[in-house]
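Subject: Structure for you to look over

Hi,

Here is the structure I promised. Please open it alongside this note. My findings follow below it.

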Amino acid sequence: MATMTNPAPTEAHDTFPINGTDYVEFWVGNARQSALYYRAAFGFQLTAYRGPETGVRDRSSYLLTQGKIRFVLTTAIRPENPIAEHVKRHGDGVRDLAFWVDDARVAYAAAIERGAQSAQEPTVMRDDDGEVVMAAITTYGDTIHSLVERRNYKGLFLPGFRDIRSPFMPEPVGLKYVDHCVGNVELGKMNHWVEYYSRVLGFYNLLSFDDKDISTEFTSLMSKVMSNGNGRIKFPINEPAPGKKKSQIDEYLEFYGGPGVQHIAMATDDIVATVTALKSRGVEFLQAPASYYDELADRVGKIDEPMDVIRKLGVLVDRDDEGYLLQIFSKPVQDRPTLFYEIIQRKGAKSFGKGNFKALFEAIEAEQALRGNL
Ligand code: FE2
């Protein structure tokens with residue numbers, strides 16, 4: 001059963017203050033081409049660049065923005081490079097879920113004292129626009145959390161990044177901010193990471209789902225949603241539960257080569273317009289079974305959006321005590337069945353679409369079966 005567990009700490013008790021998500025960095029095989037995909041298909045704007053032309057010799061990074069969302073796509077430009085190794089093992093994927101903090105040195109010291117592993121000691125980066133202090137700690141798999149202090153910086157993004165203009169500027173599709181980022185971890189490791197986020201980063205367990213909430217005929221999983229003190233960062237953590245066949249989490253772990261970020265949910269104020277635009281640009285979404293829509297009106301009651309449009313687009317709807325939400329899930333955005341996106345519109349609801357789990361998982365399993373991985 002889904003249960004609300006702990007209340008959010010008041011600010012005075014937030015043991016690890018984080019202002020919000022600073023950026024999400026992906027390590028990819030070809031950042032130049034990935035950047036074009038995110039611009040053309042998802043409506044991101046190419047905003048800044050750092051690479052050999054700006055004095056960084058071993059990598060190229062493209063900053064893409066839409067609403068408050070900052071994605072950084074980074075690639076190795078030489079073979080002997082940890083980014084190239086990461087891509088060889090994981091394929092394209094999320095390397096860094098970066099936190100914006102007031103004081104990176106203080107945050108880093110607190111995290112290390114509470115048992116975090118270091119990925120980067122505090123480092124000062126400077127350019128004509130001031131300085132940024134960055135440090136990083138590890139989390140599940142090869143994923144890290146950078147701690148970014150930018151109070152003495154007035155530049156575009158980070159030192160070394162240069163403003164870049166392109167005549168190719170596809171219209172944004174209305175994506176506003178990162179709603180949540182989901183991690184997949186190994187069987188038996190969910191509670192380890194729940195405890196880690198709680199002890200080291202002051203997160204609390206907002207919601208829990210067990211394998212009775214999240215199971216189909218074939219597979220099941222367990223999930224706990226962790227939230228930081230101010231509620232701006234939400235990290236559901238999934239682990240597979242034993243089922244009749246290979247679960248979607250097992251499939252992810254096999255193809256990603258270990259734990260990692262499974263999906264990023266991006267919020268919109270108009271899911272009908274956003275999903276219509278994304279589909280017209282070639283983004284592919286999972287399709288719920290037709291029976292889902294036959295039962296939908298009875299399950300969620302009256303909603304503002306026309307039901308025939310919701311059905312045609314394949315958008316899912318769920319209701320909780322506070323309102324309802326609309327959501328849809330993309331197919332994986334690379335050839336490995338790993339990272340995908342969720343588009344979500346919240347109309348009061350603060351939950352995660354529990355009423356849609358069954359339809360969603362059946363849709364994922366249909367895709368798994370096509371890949372020969374069920
Ligand atoms: Fe989600």
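Please keep in mind that this is a predicted model.

Metal site first. The iron ion has three protein ligands listed: His180 through NE2, His263 through NE2 and Glu342 through OE. Distances run at 2.0 to 2.2 Å. Along the chain, the donors follow the spacing H-x82-H-x78-E. His263 sits in strand β15 (residues 260-268), and Glu342 sits in strand β18 (residues 340-347). These two are 79 residues apart, so the pair links distant parts of the chain. His263 and Glu342 are both buried.

Next, Asn228. It lies in the loop between β13 (220-227) and β14 (234-241). Asn228 counts as buried because its relative accessibility is 0%, and the cut-off for buried is under 20%. What does its side chain make polar contact with? One partner is the side chain of Asn230, at 2.8 Å. The Asn228 side chain also reaches the backbone nitrogen of Ile233, at 2.9 Å. Leaving out residues up to four places away in sequence, Asn228 touches Ile18, Phe203, Tyr204 and Ile233.

Then helix α1. This helix covers residues 31-42, twelve in total. From first C-alpha to last, α1 reaches 15 Å, close to the expected 16 Å. Its buried residues are Ala31, Ser34, Ala35, Tyr38, Arg39, Ala41 and Phe42. An α-helix has 3.6 residues a turn, so residues three or four places apart point the same way. Just after α1, Gly43 takes a positive phi of about 75°.

Last, the packing. In soluble globular proteins, nonpolar side chains tend to be buried together. Here the largest nonpolar core has 97 residues. Phe26, Tyr38, Phe42, Phe71, Ile264 and Met266 have the most contacts inside it. Helix α4 (residues 190-201) gives the most to this core, with seven residues. The core draws at least three residues from each of domain 1 (18-163) and domain 2 (175-371). Apart from it lies another core, of twelve residues, including Ala48, Leu63, Val132 and Val148.

Phe42 is worth a click, as it belongs to both the α1 list and the core list. Neighbours within four places in sequence aside, Phe42 is in contact with Tyr37, Gln66, Val173, Leu175, Met266, Leu278, Arg281, Val283, Val333 and Tyr341.

Best wishes

Definitions and conventions:
Residues numbered from 1 in each chain as written. Predicted model: local features only at pLDDT ≥ 70, side-chain atom pairs only at ≥ 80, totals over all residues. Heavy atoms only, no water. Helix = DSSP H or I, 4+ residues; strand = E, 2+ residues; numbered from the N terminus. Buried < 20%, exposed > 50% of the residue type's maximum accessible area, 1.4 Å probe, protein only. Polar contact = N/O pair within 3.5 Å; in protein donor to acceptor, adjacent residues only side chain to side chain. Contact = heavy atoms within 4.5 Å. Donors = N, O, S within 2.8 Å, 3.2 Å for Na, K, Ca; no water. Expected span 1.5 Å × (residues − 1). Core = buried A, V, L, I, M, F, W, Y, C linked by side-chain atoms within 4.5 Å. Domains from an automatic or database assignment.
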